[in-house]
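Let me put the model up, and then I'll talk you through it piece by piece.

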Amino acid sequence: MLPADSPLLEGLNDRQAQAVTSQAGALLIVAGAGSGKTSVLTRRIAGLIASKTAWPSQILAITFTNKAAGEMRERVAALVGEASQGMWISTFHSACVRILRTEAERFGYTKAFTIYDSGDQRALIKRLIRDHGADRLGLTPASVSGKMSRLKNELVDVDSYRGQVRESDPNDVAFYQLWSDYQAELARSQAFDFDDLIVHTVQLFRAFPEVAAVYRRRFRHILVDEYQDTNHAQYALIRELTQAVSPEQVPESAPPHERENGLEAPALTVVGDSDQSIYAFRGADIRNIVEFERDFPGAEVILLEQNYRSKQTILDAANAVISQNFDRKAKNLFSELGAGDKIQGFTGYSQHDEAQFVADEIGKLIDEGYRYQDIAVFYRTNAQTRAMEDVFIRQALPYRIIGGTKFYERAEIKDLLAYLHAIANPADALAVRRILNTPKRGIGPATEATLVAHAEQAGITLSQALTEVDQMGLGPKVTGAISELSQLLIELRSTLDSATAAETLKAVIDRTGYRTLLERSNDPQDLARVENVDELLGVASEFSRGNQDGGLVEFLTEVSLVAAADELDDSGGTVSLMTLHTAKGLEFDAVFVTGVEEELLPHRMSANEPGGLAEERRLFYVGMTRAKNKLHLSLAMSRQTFGEAMVCAPSRFLREIPEELMQWRDSGLGDRALTAPRTSLEREPRSLPRPPREKNTQWANRIDTVVRDNSEMELAVGDRITHDDFGPGTISALTGAGPKRVAEVRFDQVGKKRLLVKIAPISLT
Ligand code: ATP
Ligand code: MG
């Protein structure tokens, strides 16, 4: 029990302190955004350790991203010091990986199993669809993986689905066949996809009660953040872990009182906000929170109402929006941080206009003393980043995309990781296939098919088949190339025990000539790829330095689990760009929510989903409530979608914000522009004015056909220049060199802007 004057309770309000010190066996903390849920959970963990209520090793805390887990671990360490070592603070997925790595052999998997990320999964499903000719039925990798995932999240496995297949529906029959082949291939490759990690852990606990008992005895305190976004499978996992242990399940080695009475159920704390449930499409189930009291009788429920994050104006706007969702408990969220500025609204002419607004406002914020890392830009769909990136690059505005097509999804990175996977887990057929002809060694699809057929006939793995290439009657050149590859894999496998992940990766890069080939290439993109290869080597070296006993398998686990939000780097000084989904749980001083338009937010797909609109509104609410000081909401009047300019209407959500909380601006196009969305809301989208041609072409030129290179241009502070769009101006500062040279220019008409000299449409005057 924590003493009332414990430093761990300092600064907390009464309800928060109650939540930190509660002794309840089941505790539910429900509260609005920014009310300190995550902070309370962190202090509660520290309190359990400090008061010796629990050893760190008896604590399992679940967060939504690896990044959040890392932060929580750091904060607990800051509160209780070294004692925090040995806690499990991780995502559901990482916790399951750890459990499965320990227990995999019980159900015939190797401990070194591979984890297929969504890209691997898509590649496999794509191939199976092609093999089955299922594309003719309209089945796509996205539809198949989506349906599979929904079923898995409901704990329906392929065998139990068999009984539900509608035989009269060819689509359903094909889906079942694909799914069944998919699971068979995963099993053959000793691989799990993300959903399987959870499903298999639940099945493990159900099939082996003695294994479940081990973890129930071990984790005496289970704490879950963002509980509103758990799906049924994750919920089932929590239920499995929070059961009492009967005397029969207690091992001989346990103390006598435990052998006699067994152990009561571990204590469970969950925190969440049903207004921030944004993963229903992935099977998240709000009912988990609503029905907590029923599922855990005697549970203590604590409500937090004070928001410590946002200015009152931001909170008022967010509250007004979310209150439009019926079927929710009204909350009374308040802030004592003062009213703050009005919310800035902006209506751009096009998405480039909108991006320009965001870039300009960021420039002003920096002048006001904000740092880049205090600023975030959110959007509903990944495709929206292109326009934003384009303007940001031109204006030398440092930014980082959190999630989206990221480092680990780049081809060269996937190639090298495939080598590592094939080395760690010889059964991983997908990995072996990927590297067969990478770098090119003259192995075509026919040879690949021969190898696969040989493996299937002989009942061996593809890796083993490589060693038998001599018997396949292939040409001498191909046979030689395959033997060489096989030899390399075998050799590197034999050094796994002694080599670090970085050493193995280095050997792969050197021995395959992968890097050298890229270096010699004339394609400028290949140079960027060399940088990526080196970057991966850097990641591996850092891992090997930081994890003395971490070998290749551990490295691959870490890499596979790097979730979208994990790339956020606070030290780098960059603006963070991310989807609204990724933004959950985070906070920034200044936030831009972009593309607040009908069809985008709410997204057009949501119209067909029951509850879809309410979920989109929650997503918008999540975005708004990330802001501490300044919130900007912007939209474009027309947007390029699939190469066509579409006319956009302002989002209905904007109408839900009280007018007096907002200040609107537009892109200054006079009477051709919409000045405020409020008037435009009354109009039919079709009647919106057409973009003026010249303006459009000008943008198109800038965005798509820039081939200029001003790197050699001699510039000095004080020089007068003219910019195609911004007109005349004076250079006020120059930084960086060569292609990274940045000029700060005071334009006579449009104020200060930063420009990347290399590509800016400027000339000296
Ligand atoms: P979300 O719903 O967005 O996940 P949350 O409820 O988890 O939010 P936190 O992130 O824990 O909220 O807290 C929001 C902010 O308020 C953080 O910056 C945190 O440090 C601060 N905070 C929380 N409680 C207090 C308090 N009692 N005094 C001062 N600041 C606090
Ligand atoms: Mg939180």
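I'll go through the ligand shell, the sheets and a few helices.

One thing before we start: this is a predicted model, so please keep that in mind throughout.

Let's begin with ligand 1. It has 18 residues around it, and the closest are Gly36, Lys37, Thr38, Ser39 and Tyr308. If you sort that shell by class, you get 10 polar, 4 charged and 4 nonpolar residues. And which element gives the largest share? That's helix H2, residues 37–50, with 3 residues of the shell.

Next, the parallel sheet. There are 6 strands in an open sheet here, and reading across the order is S3-S2-S6-S7-S1-S8, with parallel pairing. At the edges you find strand S3 (88–91) and strand S8 (300–304); each has a single partner strand, so one side of each has no neighbour in the sheet. From one strand to the next, the twist averages 15°.

Strand S2, residues 59–63, runs parallel to S3, and 4 bridges join the two. If you want a residue pair to click on, Leu60 stands opposite Trp88 in S3. Helix H4, residues 92–103, packs on this sheet and touches both S2 and S3, with its direction at about 115° to that of S3.

Inside it, strand S20 (residues 720–723) and strand S21 (residues 727–735) run antiparallel and are joined by 4 bridges. The residue to look for there is Ile721, whose bridge partner in S21 is Gly729.

Okay, strand S12, residues 375–379. Buried or exposed, what would you guess for its residues? Well, 5 of its 5 residues are buried. Ile375, Val377 and Tyr379 point one way, Ala376 and Phe378 point the other way, and all of them are buried. As for partners, S12 pairs in the parallel sense with strand S14 (residues 575–579) over 4 bridges, and 4 bridges also join S12 to strand S15 (residues 588–593), again running parallel. Tyr379 has Thr579 as its bridge partner in S14, while Val377 has Phe592 in S15.

On to the helices. Why do I call helix H19, residues 429–436, largely enclosed? Because 7 of its 8 residues are buried by the rest of the structure around it.

Last one: helix H16, residues 351–367. In general, an α-helix has 3.6 residues a turn, so residues three or four places apart point the same way. Just after H16, have a look at Gly369, which takes a positive phi of about 110°.

That's my tour, so over to you for questions.

Technical notes
Residues are numbered from 1 along each chain as its sequence is written. Chains are lettered from A and ligands numbered from 1 in the order in which they are written. This is a predicted model: local features need pLDDT of at least 70, side-chain atom pairs count only at pLDDT 80 or more; totals for chains, interfaces and linings use all residues. Two strands pair if DSSP finds at least two bridges between them. A residue is near a molecule or strand if its C-beta atom, placed from the backbone, lies within 6 Å of it. Ala, Val, Leu, Ile, Met, Phe, Trp, Tyr, Cys and Pro count as nonpolar, Asp, Glu, Lys and Arg as charged, and the others, Gly among them, as polar. Axes are lines fitted to C-alpha atoms, for helices over the stretch in contact, and angles run from 0 to 180 degrees between N-to-C directions. Two residues are in contact if their C-beta atoms, placed from the backbone, lie within 7 Å. A residue is buried if 20 or more other C-beta atoms lie within 10 Å of its own, exposed if 12 or fewer, and partly exposed in between; C-beta atoms are placed from the backbone.
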